[in-house]
Amino acid sequence: MTDVIIAGIGQTPVGEHWEISLRSLAVKAMLAAINDAGGLRPQALFVGNMLAPAVSRQAHLGDLLADFAGLTGIEAVLVEASGASGAAALRQGYLAVASGAVDTALIVGVEKVTDYVGPEVDAALATASDSDFEAVQGVTPAALAALLMRRYMYEFDVPPDGLAGFALTAHENAAGNPHAMFQKAISLEAYQQAEMISEPLNMLDVAPNADGAAAVLLTRSDLLPRAYAQPQVKIAGSALASDTLALHDRSDLLAFDAVRISVEQALRRAGLTREQVDFFEYHDAFSIYAALSLEASGFAARGQGWKMAQDGSISRTGSLPCATLGGLKARGNPGGASGVYQAVEAAIQLRGQAGTAQVANAKVGLIQSLGGPAATAVTHVLQTV
Amino acid sequence: MPENTLLKPVKPVGIVGYGAYVPRYRIPAKEIARIWTGGKDSVPIKEKAVPGLDEDVATMSIEAARNALLRAPVNPQEIRAVWVGSESHPYAVKPTSTIVAEAIGAAPNVQAGDWEFACKAGTEAMVAAIGLVGSGMAHYAMAIGMDTAQGRPGDALEYTAGAGGAAYLLGPAEESLAVINATFSYVTDTPDFWRRPEQKYPQHGLRFTGEPAYFKHITEAGKTLMEASGTTAKDYRYAVFHQPNTKFPQRVAGILGFTKEQIAPGLLVPVIGNTYAGAAVIGLTAILDIAEPGDRILMVSFGSGAGSDAFDILVTEAIKERQGRAPKTQDYIARRTEIDYGTYVRFRDKLAK
Amino acid sequence: MEIPRHWRLKQQRYSLVGETCPHCEAKIFPPRDVCPTCGGEAKTQYTFSGKGEVFSYTTIYEAPSGYDETAPYTVALVKLEEGPIITAQLTDLGDQPVEIGMPVEMVTRKLRSENEDRGILIYGYKFRPVLSRAA
């Protein structure tokens with residue numbers, strides 16, 4: 001089987017883009033990816049987005065974005081899986097190219113949270129949880145993360161600033177990412193003094209929701225243009241797994257089973273082992289998610305994930321560099337676009353183009369995107385060719 | 001006196017189960033006086049109960065009704081009426097009683113309606129329930145008196161307008177923890193207190209609320225009931241009267257020949273305030289909580305506008321076993337978190353937004 | 001207006017009506033007709049006792065729209081004595097501190113009102129510290 005190659009990448013800075021609309025943001029990233037791929041024309045477009053109907057009053061994004069990118073006529077569709085929308089779209093694009101159904105697929109993740117201001121945005125975010133049995137109680141995604149964090153700290157005797165390392169690492173790494181929202185390191189004191197959002201979750205445990213768009217163009221290795229100049233990066237493995245939508249319905253709330261399943265499947269499909277993974281882009285929408293993902297992915301024992309952030313294991317020079325360009329925490333959390341940002345960032349690392357944020361000798365990157373508290377987990381293995 | 005003076009059902013009726021409810025929060029009357037009089041004036045009660053932000057007459061009635069059902073473990077589908085008397089129904093149009101009936105599992109084959117007669121809406125519902133059960137139309141009927149009373153900021157009523165009430169499951173006398181021997185009502189058109197549509201706070205007739213209204217109606221109803229029943233105050237172990245403040249029920253008790261001891265267990269206004277449609281009926285739950293078989297109890301409500309319902313009640317052997325099945329009135333009174341005037345203003349939605 | 005969506009859930013919301021599995025006896029809330037324990041069909045109605053304990057909890061200061069009237073409020077994962085965990089607000093806390101393991105009981109309260117003062121009131125379960133009772 002020929003490899004599925006990430007032939008082109010494109011991204012916009014993550015932030016509050018008051019003056020740029022949803023469609024303009026997406027089209028910027030799409031055109032950048034097409035350009036990066038040497039002008040390859042996509043035969044299909046897969047869009048990842050979670051909030052547009054609620055926040056921008058815009059559905060039907062597949063067609064809208066094909067239209068405004070000048071691609072009218074191609075197959076175009078929206079893929080939605082809450083915060084994992086972009087990664088789920090990437091998987092659909094991967095399957096389409098790998099199967100031979102299309103030769104080229106463009107995947108764009110886009111989120112525009114600033115089209116609406118005020119608590120309606122929190123209400124829109126809450127629709128990704130169980131609307132009838134979670135959101136109706138006034139519960140937000142941050143509150144769900146806080147409930148997990150409280151229980152985790154209680155069960156495993158984690159000190160109050162035990163999870164600080166996740167934010168510290170992310171911010172330090174983002175200093176080397178010109179597209180990141182916060183390109184500045186933070187101190188442990190800043191974490192310790194950060195304002196509480198929902199105890200024990202403080203402001204620095206939360207990745208800020210922001211606008212952004214990222215795109216990748218996939219094709220098969222035998223279809224690359226003759227003049228293709230970039231180092232080749234392939235998608236070696238892809239998997240998506242589901243868990244109960246509501247956190248309260250899990251038989252083990254701290255297990256993140258969908259993460260475990262998707263990692264096992266993605267690595268098996270790639271023919272690789274955990275030991276061969278050079279860096280890991282986890283879904284640190286909340287620092288507790290990062291800790292639980294490290295555990296469920298098999299990089300840390302149960303209840304020990306937080307220690308990897310404390311002892312430097314996840315730093316750029318550690319045993320498993322994570323959030324290498326800032327992660328969701330410091331690059332910013334552009335909702336349904338974040339899975340595609342991870343693909344773009346991992347490609348940059350594997351191409352050796354990450355500059356001061358470069359992970360040395362990066363050959364295999366694991367990227368993982370979550371919808372809700374790992375109700376959906378999407379894991380991809382990216383590898384140099 | 002005509003033979004049919006007393007209201008008596010064809011089949012004897014009694015209280016099969018009862019339940020009280022008082023919200024957690026209390027504002028001391030002195031705290032209200034601090035705001036409006038600099039704390040100089042004497043205050044009519046010690047403190048009043050204030051509902052939390054997520055409470056209203058529907059939620060409070062549900063809890064009281066559930067307590068009544070804990071004491072009378074009947075199949076809720078056999079309850080053929082759920083009637084809620086209040087002057088603070090959460091909707092102007094849309095029944096509170098359907099919410100309560102649904103929550104306790106009595107819907108859908110049930111009479112449901114909201115009663116309004118100022119502070120005697122609850123006892124009016126009880127009399128109607130006695131009729132429904134006593135006629136044989138229904139085996140059980142639930143009657144509730146519950147209020148989250150409104151007092152205009154700075155008005156005399158603000159010191160006392162409290163929150164709470166009680167639910168009664170009426171049923172056949174042979175299943176009852178207390179039999180209702182008879183009732184008697186005294187009603188005239190006397191506008192001592194009212195609230196017009198769209199108005200947030202009621203108006204009252206100042207001193208006119210006393211003699212021609214409260215005292216006249218309670219005295220007439222109580223006196224006639226006792227005369228027609230051939231009883232005097234001495235025949236009753238306890239009595240409970242509508243209690244808008246501490247003094248009125250004490251005085252009316254004296255007029256009817258009752259001692260302080262007889263009314264003490266049911267006199268809750270000093271610690272929960274005037275719970276309006278809930279006032280007399282929650283006084284009765286506090287009495288039933290401590291009553292012994294054979295105790296006779298007189299209850300007389302008063303509703304502005306105006307009228308009084310008097311009840312002659314006889315406690316049965318069944319009471320002892322049922323008292324402890326649900327929280328007692330004093331358990332709710334003991335559950336107490338004091339709040340200041342600022343919190344009270346927020347809880348009672350008195351801020352212009 | 002979201003009336004139908006809330007109206008059809010009134011039994012679950014007002015009184016914790018769930019299901020019990022006829023095959024493995026698991027108690028199920030919210031009702032889902034398929035037993036999450038054994039996978040069998042489970043449609044037998046079961047009303048939960050409303051007793052449980054706090055499994056985890058937090059406080060929400062910045063509430064989503066529709067919930068700002070009562071913010072800040074505390075939400076919890078409550079482990080019901082029959083087994084399931086549910087998400088619910090804690091109420092009537094007064095000055096009482098919350099702890100993991102604290103016994104709580106179900107009450108029916110206002111969850112929110114639609115359209116501020118003009119819309120319907122949405123009632124549902126919340127939990128409060130178990131009412132202490134004199135001996």
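Predicted model: local features only at pLDDT ≥ 70, side-chain atom pairs only at ≥ 80, totals over all residues.
Colleague: Which chains share the most contacts?
Modeller: Of the two pairs of chains in contact, chains A and C share the most contacts, where contact means heavy atoms within 4.5 Å. Chain C contributes 32 residues and chain A 28 residues.

Colleague: How much area do chain C and chain A bury between them?
Modeller: About 2,800 Å², with 57% of it on carbon and sulfur atoms. Buried area is the accessible area (1.4 Å probe) that two parts lose on being put together, summed over both.

Colleague: How many salt bridges does the rule find across that interface of chain C and chain A?
Modeller: The rule finds two, a salt bridge being a side-chain nitrogen of Lys or Arg within 4 Å of a carboxyl oxygen of Asp or Glu. Asp132(A) pairs in this way with Arg5(C), and their closest N and O atoms are 2.8 Å apart.

Colleague: What classes of residue make up the side of chain C that touches chain A?
Modeller: That side of chain C has 20 nonpolar, eight polar and four charged residues. In this scheme Ala, Val, Leu, Ile, Met, Phe, Trp, Tyr, Cys and Pro count as nonpolar, Asp, Glu, Lys and Arg as charged, and the others, Gly among them, as polar.

Colleague: And where do chain A and chain B stand?
Modeller: Chain A and chain B do not touch, and their nearest C-alpha atoms are 12 Å apart.

Colleague: Turning to chain B, how is it divided?
Modeller: Chain B has domain 1 (13–177 + 328–347) and domain 2 (181–321), with bounds from an automatic or database domain assignment. Their C-alpha centres lie 16 Å apart.

Colleague: How many residues of each domain of chain B are in contact?
Modeller: In chain B, 52 residues of domain 1 are in contact with 45 residues of domain 2. The area buried between these domains is about 3,700 Å², and carbon and sulfur atoms give 63% of it. On the domain 1 side, Cys119(B), Arg152(B) and Leu177(B) lose the most area to domain 2, together 16% of what that side buries.

Colleague: Which residue forms a salt bridge with Asp289(B)?
Modeller: Arg71(B) does, with the closest N and O atoms 3.6 Å apart.

Methods:
Residues numbered from 1 in each chain as written. Chains lettered and ligands numbered in written order. Heavy atoms only, no water.
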